[in-house]
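Subject: Structure for you to look over

Hello,

Here is the structure I promised to pass on. Please open it alongside this note; my findings follow.

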Amino acid sequence: MKDANSIHTINMNQAAKNIGPIAHASNREIALTEKQKILFWKNIEKTDGCWLWRGHRNKLGYGRMQVGDWRNNAWIAYAHRVSYAVNIEQPFSLLVLHKCDNPSCVNPAHLFIGTQEANMHDMDSKNRRVHAHGEKGGAAKMTNEKVLEMRALHANGKTRAEIGRLFGLGFTATDKIIKRETWKHI
Ligand SMILES: [Zn+2]
């Protein structure tokens with residue numbers, strides 16, 4: 001981690017959210033019994049955006065559930081990884097990351113496969129973002145959706161200053177996002 005110092009500038013919750021998924025990759029296949037499949041869907045509360053995991057969650061907010069046959073191969077998997085396996089494909093040793101920054105979300109549309117490198121870039125850009133705000137004293141929270149919206153507005157002719165005002169960011173931070181110097185994984 002080349003940017004370890006900047007970790008201290010973000011709050012622990014955010015740091016945990018960013019660092020968390022690194023440990024989540026596993027090469028085990030996520031196989032659900034019929035009963036577990038029913039439980040999986042029962043534990044999801046779908047909203048317009050996120051699908052909230054209503055089952056057990058760990059301290060960091062990530063959903064957890066038992067998968068596999070209890071007789072010989074049961075283990076506790078992360079719910080967002082289970083969702084990826086159920087709805088898209090087995091993630092195996094790849095990371096399943098959140099576009100929405102909501103650890104309890106299991107909406108497959110909000111999940112994407114990433115490498116540890118992508119996760120680091122994500123951390124890095126988020127750290128820079130918090131740095132920028134620390135200096136300005138603002139509190140805007142960037143999300144993947146906002147970043148994409150900012151770039152779309154730019155493509156449609158809005159100026160950086162206008163976009164920055166809309167999203168509560170300074171010119172430099174806005175410029176970096178548009179030029180993909182930050183948030184470059186999306
Ligand atoms: Zn979500």
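Of the 186 residues in the chain, 28% count as buried. Buried means 20 or more other C-beta atoms within 10 Å of the residue's own, exposed means 12 or fewer, and partly exposed lies in between, with C-beta atoms placed from the backbone. This is a predicted model: local features need pLDDT of at least 70, side-chain atom pairs count only at pLDDT 80 or more, and totals for chains, interfaces and linings use all residues. Residues are numbered from 1 along each chain as its sequence is written.

Overall layout

The chain has seven helices and six strands. Their order from the N terminus is α-α-β-β-β-β-α-β-β-α-α-α-α. Helices (H or I, at least four residues) and strands (E, at least two) are DSSP runs, numbered from the N terminus. Among contacts with a separation of 6 or more, 59% join residues 24 or more positions apart. A contact here means C-beta atoms, placed from the backbone, within 7 Å.

The main core

The largest nonpolar core has 18 residues. Such a core is a set of buried Ala, Val, Leu, Ile, Met, Phe, Trp, Tyr and Cys residues joined through C-beta atoms within 7 Å. Met 65, Ala 77, Ala 79 and Val 82 have the most contacts inside it. Two or more residues come from each of β2 (51-53), β3, β4, α3 (79-87) and β5. The largest share, four residues, is from α3.

Look at Val 82. Beyond its neighbours within four places in sequence, Val 82 touches Ile 30, Phe 40, Met 65, Val 67 and Ala 77.

β3 runs antiparallel to β4 (residues 75-78), joined by four bridges. Strands pair if DSSP finds at least two bridges between them. Met 65 has Ala 77 as its bridge partner in β4.

Packing around α7

Two helices pack on α7. How are α6 and α7 set against each other? α6 (residues 160-167) meets α7 at about 105 degrees, with the axes 9 Å apart. The two are therefore roughly perpendicular. Arg 160, Ala 161, Ile 163 and Gly 164 of α6 touch Phe 171, Thr 174, Asp 175 and Ile 178 of α7. By class, that contact has four nonpolar, two polar and two charged residues.

α5 (residues 144-155) packs on α7 at about 90 degrees, again with axes 9 Å apart. That makes α5 roughly perpendicular to α7 as well. Val 147, Met 150, Arg 151 and His 154 of α5 meet Thr 174, Ile 177 and Ile 178 of α7.

On terms: axes are lines fitted to C-alpha atoms, for helices over the stretch in contact, and angles run from 0 to 180 degrees between N-to-C directions. Under 35 degrees is roughly parallel, over 145 roughly antiparallel, 65 to 115 roughly perpendicular, the rest oblique. Ala, Val, Leu, Ile, Met, Phe, Trp, Tyr, Cys and Pro count as nonpolar, Asp, Glu, Lys and Arg as charged, the others, Gly among them, as polar.

Backbone points to check

Most residues other than glycine have a negative phi. Asp 101 has a positive phi of about 60 degrees. Asp 101 sits in the loop between β5 (95-98) and β6 (111-114). Arg 180 also has a positive phi of about 60 degrees, and lies in the segment after α7 (171-178).

Best wishes

Methods:
Two residues are in contact if their C-beta atoms, placed from the backbone, lie within 7 Å.
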